[in-house]
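Here is a guided walk through one structure. Keep the model open as you read, and find each residue as it is named.

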Amino acid sequence: MVGVAQAEGERFVLVSHAPDSDSWWNTIKNALALAGEQMDVEVEYRNPTTGDIADMARIIEQATATNPDGIITTLADPDVLKGPIEDAVAKGIPVIIINSGTPEQAAELGALMYVGQPEYDAGLAAGQRAKRDGIESFLCVNHVVSNPVVGERCRGFADGLGVELGDSMIDSGQDPAEIKNKVMAYLSSNPDTDAILTLGPTSADPTIEAVKENGMAGQIYFGTFDLGTEIVKAIKDGTIQWGIDQQPFLQAYLPVIVLANYKRYGVLPGNNINSGPGFVTKDALEKVEEFAGEYR
């Protein structure tokens, strides 16, 4: 039997743009740890505690200085992160872009590949679905306006509906009470709003509370990106019609597998990997409910 070719001390660093408060990234952390265990490599998760992209750029620079065997990173703001990522590539460190950004942007920076969900395309698919369901207007609750890539979800949704985005997207911030109040205020001022789109648990959870408090739960069309414990509960009770699953597990797990095999054998998949979108509805909750917040 041929033994596994493994360089001693293989180490891969994942750098995300997420603040510590964003629970959605727990799945990323769990998948990273699992892949590290299965491939017998060292893995590290690093992030800017407040979600500041300039801090993220410095973290990538710091990770590069430690000479890891690979860097996995999001591309939350190409203008800010381009330099540090190109510097890592120039130093000979393999880089895989996940979650944020596009395959084209990843290629321009010299990354090996992109693993994630094309955000505009996912928003477009969601908008087209909502249009088929009779939706003509919406509120997009954006809790990370500082991340231009995430805003593409709202723009895609508007295009899918065939309407202008205009003032439909609000900067909700990340404080749960503030998000809830802003959603309720918008819906009060715009009573003809047909639908709500949230962009992850950070904005979805307080919005669930808002529509339950103002009596709109189950009455207003409600879709969300990503999954989480409260989102799954809301899909189950009919408050949310669907959640878009970009399968973050795959975004952290697959790059470790790819980088380890690239380091050991020089093999590399020929294509980027789209981890989503997939629509999760009330009819398909069993596995999702079992692993929500952990691996889904």
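This is a predicted model. Start where helix H1 meets helix H10. On the H1 side, the contact is made by Thr-27, Ile-28, Ala-31, Leu-32, Leu-34, Ala-35, Gly-36, Gln-38 and Met-39. On the H10 side stand Pro-248, Phe-249, Gln-251, Ala-252, Tyr-253, Val-256, Ile-257, Ala-260, Asn-261 and Arg-264. Sorted by class, this contact has 13 nonpolar, 5 polar and 1 charged residues.

Two packed helices are described by the angle between their axes and the distance between the axes. H1 covers residues 26-39, and H10 covers residues 248-265. Their axes come within 7 Å and cross at roughly 30 degrees. An angle under 35 degrees counts as roughly parallel. H1 and H10 are therefore roughly parallel to each other. Their crossing is right-handed.

Now move to H5 and H6. The axes of H5 and H6 come within 6 Å, and the crossing angle is roughly 35 degrees. H5 passes H6 in a right-handed crossing. H5 brings Glu-119, Tyr-120, Gly-123, Leu-124, Ala-126, Gly-127, Gln-128, Ala-130 and Lys-131 to the contact. They meet Val-149, Glu-152, Arg-153, Arg-155, Gly-156, Phe-157, Asp-159, Gly-160 and Leu-161 of H6. By class, the contact of H5 with H6 has 7 nonpolar, 5 polar and 6 charged residues.

Helix H4 (103-108), helix H5 (119-132) and helix H6 (148-161) each give two or more residues to its lining. Among the lining residues are Pro-103, Glu-104 and Gln-105. Glu-119, Tyr-120, Val-149, Glu-152 and Arg-155 line this pocket, and these residues also take part in the contact of H5 with H6. By class, the lining of the second largest pocket divides into 4 nonpolar, 3 polar and 5 charged residues.

Next comes the pair H8 and H9. These helices pack at an angle of about 40 degrees, with their axes 9 Å apart. Angles under 35 degrees count as roughly parallel, and 65 to 115 as roughly perpendicular. H8 and H9 are therefore oblique to each other. H8 passes H9 in a left-handed crossing. From H8, the contact takes Pro-201, Ala-204, Asp-205, Ile-208 and Lys-212. From H9 come Glu-230, Ile-231, Ala-234 and Asp-237. The contact of H8 with H9 has 5 nonpolar, no polar and 4 charged residues.

Which residues lie closest to the centre of the largest pocket? This pocket has a volume of about 260 Å³. Of its 15 lining residues, the closest to the centre are Pro-201, Asp-205, Pro-206, Glu-209 and Glu-230. Helix H8 (201-213) and helix H9 (229-237) each supply at least two residues of the lining. H8 gives the largest share, 7 residues. Pro-201, Asp-205 and Glu-230 also belong to the contact of H8 with H9. By class, the lining of the largest pocket has 5 nonpolar, 4 polar and 6 charged residues.

Rolling a probe the size of a water molecule over the atoms shows where empty space is left. The structure holds 1 cavity of 30 Å³ or more. The largest cavity has a volume of about 190 Å³. It is lined by 20 residues, and His-17, Asp-22, Trp-25, His-143 and Asp-226 lie nearest its centre. H6 and H8 each give two or more residues to this lining. The lining of the largest cavity divides into 8 nonpolar, 8 polar and 4 charged residues.

Apart from its neighbours within four places in sequence, Gly-173 is in contact with Asn-142, His-143 and Ile-179. Gly-173 lies in the loop between strand E7 (169-171) and helix H7 (176-189).

End with two backbone details. Most residues other than glycine have a negative phi, and most peptide bonds are trans. Asn-67 has a positive phi, near 55 degrees. Asn-67 lies in the loop between helix H2 (53-65) and strand E3 (70-74). Gly-276 and Pro-277 are joined by a cis peptide bond, with omega about 10 degrees. Pro-277 is in the loop between strand E11 (273-274) and strand E12 (278-280).

Definitions and conventions:
Residues numbered from 1 in each chain as written. Predicted model: local features only at pLDDT ≥ 70, side-chain atom pairs only at ≥ 80, totals over all residues. Heavy atoms only, no water. 1 Å grid on protein atoms, 1.4 Å probe; cavity = no way out; pocket = protein on both sides within 12 Å on 5 of 7 lines; lining within 4 Å. Points joined across faces, edges and corners; volume = space filled by probe spheres on them. Helix = DSSP H or I, 4+ residues; strand = E, 2+ residues; numbered from the N terminus. Nonpolar A, V, L, I, M, F, W, Y, C, P; charged D, E, K, R; others polar. Axes fitted to C-alpha atoms, helices over the stretch in contact; angles between N-to-C directions. Parallel < 35°, antiparallel > 145°, perpendicular 65-115°, else oblique. Left-handed = near helix turned anticlockwise from the far one by under 90°. Contact = heavy atoms within 4.5 Å.
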